[in-house]
Amino acid sequence: MPNSDFNESNPAPSVDNTQKKPRFYQYVLIPLGTVFLIAAAAGGIYYYNNYSSLSLSCAAWQEKYNSSEEQLAALSSENETLKATLASIPDFVIDEWTDVSPEIPFTVDLSDWKYILVNETNPLSEDFEVEVVKTKNGQYVDKRIKEDLENMIEAAKEDDVTLLLCSSYRNYAKQDRLMDESIRDYTRKGYTYQEAFFETKRTIALTGASEHHTGLALDIVDPSYQSLDDAQAKTDASLWLAENAADYGFILRYPKDKVDLTGIDYESWHYRYVGKDAALFMKEHNLCLEEFIELAQKQDILSQKQEASQKQNYEE
Ligand SMILES: [Zn+2]
């Protein structure tokens with residue numbers, strides 16, 4: 001019989017089976033588990049840092065892509081609508097236009113920055129942006145007109161006339177402030193708010209409807225008389241501008257005989273850049289910008305119609 005040598009006073013050494021398992025946990029499972037947890041945490045952090053931003057930007061791109069697809073679809077449907085409108089303009093209306101004259105002797109791309117039309121019915125958006133530069137007089141203008149403007153000032157100087165720029169680029173906020181100040185002045189004088197608003201609107205364009213926001217408009221006065229009123233028109237600066245500004249691409253934007261069309265009172269000091277071709281043409285034919293643009297639009301539609309009918313004749 002095994003263990004027969006052992007008895008109560010000499011017991012057999014006990015074999016403790018429970019001691020083996022903790023050792024296995026202690027030396028194998030716990031370290032392995034710890035390593036695994038650390039690796040998992042590190043992996044998580046690495047993934048978060050690298051891939052979560054990646055998937056975020058992917059989502060942003062997807063969104064951009066979707067919105068540009070939508071814009072494209074909107075544009076092409078707009079295009080279809082325009083084509084349909086063009087096709088639907090009855091010929092008798094166009095016939096009335098056949099005497100659309102004078103004919104503009106150069107190509108007018110109405111989306112060109114020089115022809116931007118800003119008035120009460122065509123306001124600029126609040127986020128309209130333009131790159132402006134400082135002129136020698138310390139005024140800010142669209143950088144594309146700086147050279148012509150400075151040449152004009154120089155040419156006037158050679159004729160002993162000083163052109164003083166008193167106002168040029170105005171952003172949305174400044175335009176807003178000007179309107180507010182004017183309305184306040186009128187209400188102090190006893191006008192009701194409504195009266196003050198309409199009185200202001202006669203000389204200051206509504207916020208968003210001001211050309212000064214484009215960087216293409218300038219108020220130019222004579223240093224000897226700087227008030228913006230009717231008498232300004234008789235100064236040397238005003239007389240010189242009326243005669244010569246078109247040669248440098250500038251037009252008198254609010255002429256006396258066009259108030260109905262421009263919606264703004266006569267301003268002998270407010271000049272607007274439209275480029276030399278358009279300025280000379282408008283001066284020669286006594287057109288304001290609203291008239292010039294309408295003329296260009298009509299002539300464009302006419303020539304498209306003509307082209308279409310020529311094509312039809314050719315196909316027949
Ligand atoms: Zn002005």
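This is a predicted model: local features need pLDDT of at least 70, side-chain atom pairs count only at pLDDT 80 or more; totals for chains, interfaces and linings use all residues.
Q: Is Asp160 buried or exposed?
A: Start with the rule. A residue is buried if 20 or more other C-beta atoms lie within 10 Å of its own, exposed if 12 or fewer, and partly exposed in between; C-beta atoms are placed from the backbone. Asp160 is exposed, because it has 8 other C-beta atoms within 10 Å.

Q: What is the phi of Asn286, and where does this residue lie?
A: Asn286 has a positive phi of about 50°, although it is not a glycine. Its place is the loop between α8 (276-284) and α9 (289-315). Asn286 counts as exposed because it has 10 C-beta neighbours inside 10 Å.

Q: How far apart are the end C-alpha atoms of α3?
A: Compare with the expected span, which is 1.5 Å times one less than the number of residues. For the 13 residues of α3 that gives 18 Å, and the end C-alpha atoms are 18 Å apart, so the two agree.

Q: Which residues of α3 are buried, and which are exposed on the other side?
A: Leu149, Met152 and Ala156 are the buried residues of α3. They line one face of the helix, because they fall within an arc of 60° seen down its axis. The arc is that of the directions from the helix axis to the C-beta atoms. On the other side, Glu147, Glu154, Lys157 and Glu158 are exposed.

Q: What do the buried residues of α3 pack against?
A: Contact comes first: two residues are in contact if their C-beta atoms, placed from the backbone, lie within 7 Å. The buried residues of α3 pack against β2 (140-142), α6 (236-244) and β5.

Q: Which residues of α6 are buried?
A: In α6 they are Ala237, Ser238, Trp240 and Leu241. Seen down the axis of α6, these fall within an arc of 165°, so they line one face of the helix. They pack against α3, β3, β4 and β6.

Q: How do strands of a sheet pair?
A: Strands of a sheet pair through backbone hydrogen bonds, either parallel or antiparallel. Here two strands pair if DSSP finds at least two bridges between them. This model has an open sheet of 4 strands in the order β3-β4-β6-β5, with antiparallel pairing. The edge strands are β3 (164-167) and β5, each pairing on one side only. Neighbouring strands are turned by 50° against each other on average, direction ignored. For such angles, axes are lines fitted to C-alpha atoms, for helices over the stretch in contact, and angles run from 0 to 180 degrees between N-to-C directions.

Q: How many bridges join β5 to β6?
A: There are 4 bridges between β5 and β6 (residues 267-273), and the two strands run antiparallel. Leu252 stands opposite Tyr271 in β6. Ser167 has Asp219 in β4 as its bridge partner.

Q: How many residues of β5 are buried?
A: In β5 (residues 250-254), 5 of its 5 residues are buried.

Q: Which residues have the most contacts inside the largest nonpolar core?
A: In soluble globular proteins, nonpolar side chains tend to be buried together. A nonpolar core is a set of buried Ala, Val, Leu, Ile, Met, Phe, Trp, Tyr and Cys residues joined through C-beta atoms within 7 Å. The largest has 35 residues, and those with the most contacts inside it are Ile220, Ala245, Phe250, Ile251, Tyr271, Ala279 and Met282. At least two core residues come from each of α3, β4, α6, β5, β6, α8 and α9. Met282 touches Ile251, Leu287 and Phe292, not counting residues up to four places away in sequence.

Technical notes
Residues are numbered from 1 along each chain as its sequence is written.
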